[in-house]
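Here's a quick tour for anyone meeting this structure for the first time. Have a look at the model, then read on.

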Amino acid sequence: MEEITVHDFKTDLAWSESMDQWSFYLLILSKFYPWATNWDRVLELVQQKKDKDIILESNNRKINVQIKSRRVYYGPDLCIEYKHVRHNGSIILGWIEKPSNADDLIYCWTHKGLAWKISMTLLRQAWHENKDNWIVRYSKRPAYNETYSTYCCYPPLRVLTDAGVEVEELSVSQPVVNCQSHSGI
């Protein structure tokens, strides 16, 4: 019988918020958005729950960016979280199903030095047009947490691009070691 892994949200969040991770995020952001002259890291949980991790600015241009990282690379696919089911049976919508303030999603595998920049508008449009098919074809067993289970599907990159999602890929050989501290909003 297969052993069931129980995930811990706080541990995963601490990993994604670590200095090593943010060093990589800053490198990727500077390459994807070379025009940005100012950025603010969003520290307020209410804003983070609206999919804003970074706000990039230059002159009259402003972009809200959501960052997601995966620890393991299973191939070129996107983990789309569509619902959480609490152990009492109640359902909470996953990030793809909630209203979002993000313009772009930066999706990373820091250990591989790989990142994608994805338009959230195009991703959400493709999701709503294809979710029933994608859930059937690309779902795996739920990820178990202490008080809930998370349901995701994993459409491959080619499926996303065939559905009209623009994905810009960036590969770097060495993440930055140091990052400057900035105040967040």
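## A helix tucked inside

Helix 2 is largely enclosed by the rest of the structure, because ten of its 14 residues are buried. Bear in mind that this is a predicted model. The helix covers residues 19-32 and stretches 20 Å from its first C-alpha to its last, close to the 20 Å expected at 1.5 Å a residue.

Which residues of helix 2 are buried? They're Gln-21, Trp-22, Ser-23, Phe-24, Tyr-25, Leu-26, Leu-27, Ile-28, Leu-29 and Phe-32.

## A buried salt bridge

On to the charged side chains: the count comes to three salt bridges. One of them joins Arg-70 to Asp-77, with N and O 2.6 Å apart. Both Arg-70 and Asp-77 are buried.

## Bridges across the chain

Glu-97 pairs up with Lys-131 in another salt bridge, where the closest N and O atoms sit 3.0 Å apart. This pair ties together distant parts of the chain, 34 residues apart: Glu-97 is in the loop between strand 6 (91-93) and strand 7 (104-109), while Lys-131 belongs to helix 4 (residues 120-138). With a relative accessible area of 23%, Lys-131 counts as partly exposed.

Then there's the salt bridge between Lys-117 and Glu-168, whose closest N and O atoms are 3.5 Å apart. Here too the partners come from distant parts of the chain, 51 residues apart, with Lys-117 in strand 8 (residues 114-119) and Glu-168 in strand 11 (residues 167-171). Glu-168 is partly exposed, and its relative accessible area is 38%.

Methods: Residues numbered from 1 in each chain as written. Predicted model: local features only at pLDDT ≥ 70, side-chain atom pairs only at ≥ 80, totals over all residues. Heavy atoms only, no water. Salt bridge = Lys/Arg side-chain N within 4 Å of Asp/Glu carboxyl O. Buried < 20%, exposed > 50% of the residue type's maximum accessible area, 1.4 Å probe, protein only. Helix = DSSP H or I, 4+ residues; strand = E, 2+ residues; numbered from the N terminus. Expected span 1.5 Å × (residues − 1).
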